[in-house]
Amino acid sequence: MPIIPDSKDWTWVLSRPCPECGFDASAATPATVPGNVISMLPRWRAALRRPDATERPNEATWSVLEYGCHVRDVFTLFDHRLSLMLSEDDARFDDWDQDKTAIEQDYANADPAQVGVELTTEGEQIAASFARVREEDWDRKGTRSNGSVFTVLTFAQYFLHDVVHHLHDVDG
């Protein structure tokens, strides 16, 4: 059974802590992202090694493997968007349908070991990209296709919530 697409606008996490995972965006900056991402990678790899990593806990929830594929792709996508924000004035982001991507890339049937390697590689890449962001660039802007405007600072906070929240999803 296909997952019901998540249509929530999660930008609210920039103004208050997430009641589900406890993430408080106000504590995150582009400078803190690298250490946070790197520290989560071993937990992601461990989750992907679990014997039940390919099993959905219920019909409406992704498996650990599917979440791992999604986070790997989030790392890649956000690295590209960060690059746009740092190289273009008022960068624009194309829409990304994460549910369509999950189906087209067949997340449910991926190899968990390979996803662990790819997630680590992409996580290290985006951590390195955030590590190069200068504080004077934190106010550079980017606009998502739905009109949400981010600065590099709020983009870092929004990004980090996504990764923390999904690790909470698979740990819980």
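R56 is partly exposed, with 31% relative accessible area (buried is under 20%, exposed over 50%, partly exposed in between, using a 1.4 Å probe and protein chains only). Keep in mind that this is a predicted model, where local features need pLDDT of at least 70, side-chain atom pairs count only at pLDDT 80 or more, and totals for chains, interfaces and linings use all residues. Residues are numbered from 1 along each chain as its sequence is written, and side-chain values use heavy atoms, leaving out hydrogens and water.

So what does R56 pair with? Its side chain meets that of E66 in a salt bridge (a side-chain nitrogen of Lys or Arg within 4 Å of a carboxyl oxygen of Asp or Glu). E66 is buried, at 3% relative accessible area. Side chains of opposite charge can pair when their charged atoms come close. The structure holds ten salt bridges, including these:

| Pair | N to O distance |
|---|---|
| E66 and R56 | 2.7 Å |
| R140 and D89 | 3.3 Å |
| R92 and D90 | 3.0 Å |

R140 is partly exposed at 21% relative accessibility, while D89 is exposed, with a relative accessible area of 67%. There's also a salt-bridge network linking R72, D73 and E118.

Now for S129. Is S129 buried or exposed? With a relative accessible area of 10%, S129 is buried. Setting aside residues up to four places away in sequence, S129 touches D79 and L82 (contact means heavy atoms within 4.5 Å).
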